[in-house]
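Subject: Structure handover and notes

Dear colleague,

I am passing on the structure we spoke about, together with some notes on what turned up when I went through it. Please have the sequence and the model open beside this message as you read.

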Amino acid sequence: MITGNLKASYAADEQVFDNRNKRAFLYAALLGLAALAGFADDYVILVACQMGILLIAVVGVNVVTGYTGLISLGHAAFVAVGAYTVTIFHEAFAGAIPEGLRALIAIPVAMAVSALVGIIVGLPSLRVKGLYLAVATLSANFIVIFLIEQEVFAPWTGGMVGIDTPAPDFLGWTLDTKREMFVLIAALGVLTLLAVQNLFRTRVGRAFIAIRDRDYSAEIMGISLLRTKLTSFAISAALCGLSGALFAYFYARILPEQFELALSLELVAAMIVGGMGRTMGPVFGVAVIVMVPEVIKSIFGVATGGEAGVAQLLAPLQEIAFGLLIVLFLLFEPLGLNHMADRALRALNRWPFAR
Amino acid sequence: MLSVSDLHLSFGGIKALQGVSFEAAPGEITGVIGPNGAGKTSLFNAISGFYTPDRGRVAFDGRDITGLSPDRRAGLGMARTFQNIALFRGMTVLDNIKLGGHTRLSANVWQALAYFGPARREELAFRAEIEERVIDFLEIDHIRKAPITALPYGLQKRVELGRALAMQPKVLMLDEPVAGMNREETADMARFILDVQEEFGTTILLVEHDMGLVMDICAHIVVLNFGQQIAAGTPAEVARDDEVIEAYLGAAA
């Protein structure tokens, strides 16, 4: 039970983890991550890595769509840009930069290139809103994939058949197992959440939310719509670029078809299910989105004894499940799983009295 | 402080403003009145930069700002409220008021992402400032963590005033600050407006339908009718003006 508001300074009042229950959850989550890295079996590690990679991208989508209110259906393009930038960078600078430094430079470069592409894709957001912006970003997704698949660029991108990706090496520490990758992904995932949470407790992030809530009112507060919207797109795309970079390091090979509309929709679905415009929303959303196919697989494995023909059914079933989830959440819990978690936390604060 | 000269604004065939000129004297309350559709809100929108006038100029602090965007004008020290409350409805009272500090705070993206360091120092100093200058001043301590949607109309108006005050503006433009309020709420708001003028020396420009309020607190009044400026002067002068009486009550039979 948390009794009363006993804060004595503004610093205490501005804290994110402002009571002991929240702090307990934070420590439990960090311990849980450490335990995963130490003791989980390979299958769990694999799923956790997938979640972590997706999480960073969903946080990116959340910045631009959840917080700034600019609907984007093209964020898979930024993930692609990140993944391909890293791969091409390693190839291009194979001789010039020592192996142990390559990944350390490649990741920021991938984020910067994605941010740049993000700014270009974000330009229409100054003129169009809502559905129209969704279509504009959607076409950006198609254009980027189209360019990657072109024969002209095939020497660098591998074209339709994809390209082998490098294993990262940080100052001699080669991440060649999934478990080591998990450590990197988990660390960057936590860092991403922290950075975004920080952003939204300062003037920069507040300006994003102001534009979402009422754009003319934001202008009258001295917020430049041009600069702020593009900043939002840049940060969002950079995070997706980071996700793409990890994607490239995690898998042995990347293909253009992995970054098509399906991925963009998956990112948006995770954001909606988790809770738009909330820091922890993506965490909940990604957990659900990654677990759904796993659950479907295991249910069908039990029901049919793992027959080969069933595999064909899995992909469409997965799409149906995502669609159903989005509809159900928009109808019954538009604020997402994060809101349910908030309510549970509030009930815990008041326990054993009122719920 | 703020001067408007020969302002013309039209939407297609409708002439919203036809040659409006006046000056808001520093530290004083200037009222703009007129019947419905007289062009008061159009005037406000032209002054704050949402509309570009066809002719004429707007000067602020001796500087021509006619071509500036609304956010640049805000940066110079112009704040306003809206007739239909334009608060950020997804946020708490505190966050709304903090937004008023956007141009006065300076953390960049990198500092914001890191938070600890310059951004945190700045945020905490600003928090202390608005607690004293805005939240305590407007007596809204009890609702600082409340979401906007949970507040009654009168309090929302007060929060919007608070958000404008957090900008520490040189000129404060209030578009119908007491519209739809009962007598007690109106009296409260009038007291706050006078307090702002007295405590911070802010130049105030006020559009209002409540004649009692306007006559009581304004030093200077501009009267508009069908986009034209039909009178200007002290409350007493304006109240005696034949054209003003005619605009409000109709011509004598």
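Predicted model: local features only at pLDDT ≥ 70, side-chain atom pairs only at ≥ 80, totals over all residues.

Chain A

Chain A contains 15 helices and four strands. Its radius of gyration is 21 Å, close to the 20 Å that the globule rule gives for 355 residues, so chain A is as compact as a globular protein of that length. Along the principal axes, the C-alpha atoms of chain A fill a box of roughly 65 × 55 × 45 Å.

A search over all chains finds 26 salt bridges in the whole structure.

Where chain A meets chain B

At the interface, 28 residues of chain A are in contact with 41 residues of chain B, and the two chains bury about 3,200 Å² between them, with 61% of that area on carbon and sulfur atoms. Between chain A and chain B there are 16 residue pairs in polar contact, counting pairs with both residues at pLDDT 80 or more, and the count of salt bridges between these chains is five. A:E14 and B:R127 form a salt bridge, and their closest N and O atoms are 2.9 Å apart.

Which elements of chain A supply at least two residues each to the side that touches chain B? They are α1 (10–13), α8 (178–199), α9 (203–213), α10 (215–220) and α11 (225–250) of chain A, and it is α9(A) that gives the most, with seven residues. By residue class, this side of chain A divides into 14 nonpolar, six polar and eight charged residues.

Chain B and its two domains

The domain assignment of chain B gives domain 1, made of 1–77 + 169–253, and domain 2, which covers 88–166. The centres of these two domains of chain B, taken over C-alpha atoms, are separated by 27 Å, and the contact between them takes 20 residues from domain 1 and 12 residues from domain 2. Together the two domains of chain B bury about 1,300 Å², of which 72% is on carbon and sulfur atoms.

Between domain 1 and domain 2 of chain B the count is two salt bridges, and B:E139 forms a salt bridge with B:R191 in which the closest N and O atoms are 3.6 Å apart. On the side of domain 1 of chain B that touches domain 2, the elements giving two or more residues are α2 (70–76), β7 (171–175) and α7 (183–200) of chain B, and the largest share, nine residues, comes from α7(B). The residues on this side of domain 1 of chain B comprise 11 nonpolar, two polar and seven charged.

With best wishes

Conventions: Residues numbered from 1 in each chain as written. Chains lettered and ligands numbered in written order. Heavy atoms only, no water. Domains from an automatic or database assignment. Contact = heavy atoms within 4.5 Å. Buried area = accessible area lost by both parts, 1.4 Å probe. Salt bridge = Lys/Arg side-chain N within 4 Å of Asp/Glu carboxyl O. Nonpolar A, V, L, I, M, F, W, Y, C, P; charged D, E, K, R; others polar. Rg over C-alpha atoms; globule rule 2.2 N^0.38 Å. Polar contact = N/O pair within 3.5 Å; in protein donor to acceptor, adjacent residues only side chain to side chain.
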